[in-house]
Amino acid sequence: MRTRAVAVLIALMVVVGAGVASPANADTGSTGSLGGGSSDLLTPNSQFLWQNPLGHYIVILGAKMGTFGQTPDVLARRLDVGAGLARSHPVNRVIVSGGNTWWLPVPEAQFMNIGLMRRGVPFWQMVNEAGSTSTVQNATNTVRMLKAMGASGAIIVTNGFHMPRAMNDFRAAAAKQHARLDLRTAYA
């Protein structure tokens, strides 16, 4: 009951402050406005995140970066959706998952940190999983992190074509690691 009261208080603070403190330089991408306004506070994903702000995480899956570190469109859409959720839910942590999948010495997770900061998400809200080079490894490593942090659930952010494989991998990883996680989807 106490967690729910804190979540309601935080939701009210976000609704009241949404019109005042939205980031001026946030990218909106192809999904339109992703400001922290009240229009998305009643969606199933928002309700899920507000139920347990400290135990429900937002997980954004990486994608192979361009030759010179350019963000591919599929990843930009994931970052747009993830940033919208993160700005609307400033207490929930965001796990960015992606390692070195190209010749660059910087993992996808660090590129994703920059992309999220450009979209108005503070760095302190992010947690990096920078060791994976496949969806199976994304799931295995992220579930291990979620379990270690005492998480009870997560919203997985990826594109529609990738979501079935990602959710199968996350469910399999959770079962293998005996992690009780309520896994939800957010399509980019």
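The protein chain contains 6 helices and 5 strands, where helices (H or I, at least four residues) and strands (E, at least two) are DSSP runs numbered from the N terminus. Along the sequence these elements are arranged in the pattern α-α-β-α-β-α-β-α-β-α-β. The model is predicted, with local features requiring pLDDT of at least 70 and side-chain atom pairs counted only at pLDDT 80 or more, while totals for chains, interfaces and linings use all residues. Residues are numbered from 1 along each chain as its sequence is written, and side-chain values use heavy atoms, with hydrogens and water left out.

Of the 188 residues in the protein chain, 49% are classed as buried (under 20% relative accessible area, with exposed meaning over 50% and partly exposed in between; 1.4 Å probe, protein chains only). Contacts are defined by heavy atoms within 4.5 Å. Among contacts between residues at least 6 apart in sequence, 76% join residues at least 24 apart.

Helix α3 (residues 73-88) and helix α4 (residues 108-118) have axes that come within 10 Å and cross at roughly 55°. The axes are lines fitted to C-alpha atoms, for helices over the stretch in contact, and angles run from 0 to 180 degrees between N-to-C directions. The two helices, α3 and α4, are therefore oblique to each other (angles under 35 degrees count as roughly parallel, over 145 as roughly antiparallel, 65 to 115 as roughly perpendicular and the rest as oblique). On the α3 side, the contact is made by Leu 75, Leu 79 and Ala 83, and on the α4 side by Met 112, Gly 115 and Leu 116. Classified by residue type, this contact of α3 with α4 comprises 5 nonpolar, 1 polar and no charged residues (Ala, Val, Leu, Ile, Met, Phe, Trp, Tyr, Cys and Pro being nonpolar, Asp, Glu, Lys and Arg charged, and the others, Gly among them, polar).

Two loop residues were also examined. Thr 101 lies in the loop between β2 (94-97) and α4 and, at 28% relative accessibility, counts as partly exposed. Excluding residues up to four places away in sequence, Thr 101 touches Lys 64, Glu 108, Ser 132 and Thr 133. His 178 is located in the loop between α6 (163-176) and β5 (182-187), and its relative accessibility of 68% places His 178 in the exposed class. Phi of His 178 is near 55°, a positive value in a residue other than glycine.
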